[in-house]
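Open the model in your viewer and keep the selection tool at hand. The tour goes from a pocket to one of its residues, then to a hairpin.

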Amino acid sequence: MKIAISSSGKKLSDPVDERFGRAAYLLIYDTEAKQFSALDNQSNVEAASGAGPQAVDFIATHGVEVLLTGNVGPKAAMALHAAKIKSYAVTGISAKEAIDRYERGELNEIS
């Protein structure tokens with residue numbers, strides 16, 4: 001399974017960015033391979049509008065099934081629902097800790 005994490009940096013040790021659509025980076029973590037890649041989200045950071053739905057499209061093309069982030073706006077939430085991507089709320093921790101907490105079942109799904 002692939003998990004997307006909104007991040008302020010390119011590493012798993014970087015903090016989760018509370019903004020999904022306008023996060024500096026979107027990390028894609030493969031739970032089977034235990035590997036990740038960092039996707040530059042600069043085009044959405046500077047978008048006049050629609051950053052959330054565009055970010056959903058971006059992660060959906062990478063086969064993501066789960067999103068770990070701080071906040072999801074209403075348009076992004078609709079796009080996530082349509083793409084069948086579940087989102088979970090995390091704040092104040094690193095991307096790695098967010099993944100660990102998700103795998104332990106400690107996160108609340110964003111409805």
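Helices here are DSSP runs of H or I with at least four residues, numbered from the N terminus. The model is a predicted one.

**Stop 1: the largest pocket.** Select Val72, Ala77, Leu80, His81, Lys84, Ile85, Lys86, Ser87, Glu109, Ile110 and Ser111; these residues line the largest pocket. Its volume is about 180 Å³. Colour the lining by class: five residues are nonpolar, three polar and three charged.

Which element gives the largest share of the lining? Show helix 3, which supplies three residues. Helix 3 spans 74-83, and strand 5 spans 86-89; each gives the lining at least two residues.

**Stop 2: Lys86.** Stay with the pocket and pick Lys86, one of its lining residues. Lys86 lies in strand 5.

Now display its contacts beyond four places in sequence: Glu65, Val66, Leu67 and Glu109. Glu109 also lines the largest pocket. Draw a distance from Lys86 to Val66, C-alpha to C-alpha: it reads 4.8 Å, across 20 residues of sequence.

Stop 3: Find Tyr25; opposite it, in strand 3, stands Asp40. Then move to the turn, where four residues separate the strands of the hairpin. Finish on Lys34 in that turn, with its positive phi of about 60°.

Definitions and conventions:
Residues numbered from 1 in each chain as written. Predicted model: local features only at pLDDT ≥ 70, side-chain atom pairs only at ≥ 80, totals over all residues. Heavy atoms only, no water. 1 Å grid on protein atoms, 1.4 Å probe; cavity = no way out; pocket = protein on both sides within 12 Å on 5 of 7 lines; lining within 4 Å. Points joined across faces, edges and corners; volume = space filled by probe spheres on them. Nonpolar A, V, L, I, M, F, W, Y, C, P; charged D, E, K, R; others polar. Pairing = 2+ DSSP bridges. Contact = heavy atoms within 4.5 Å.
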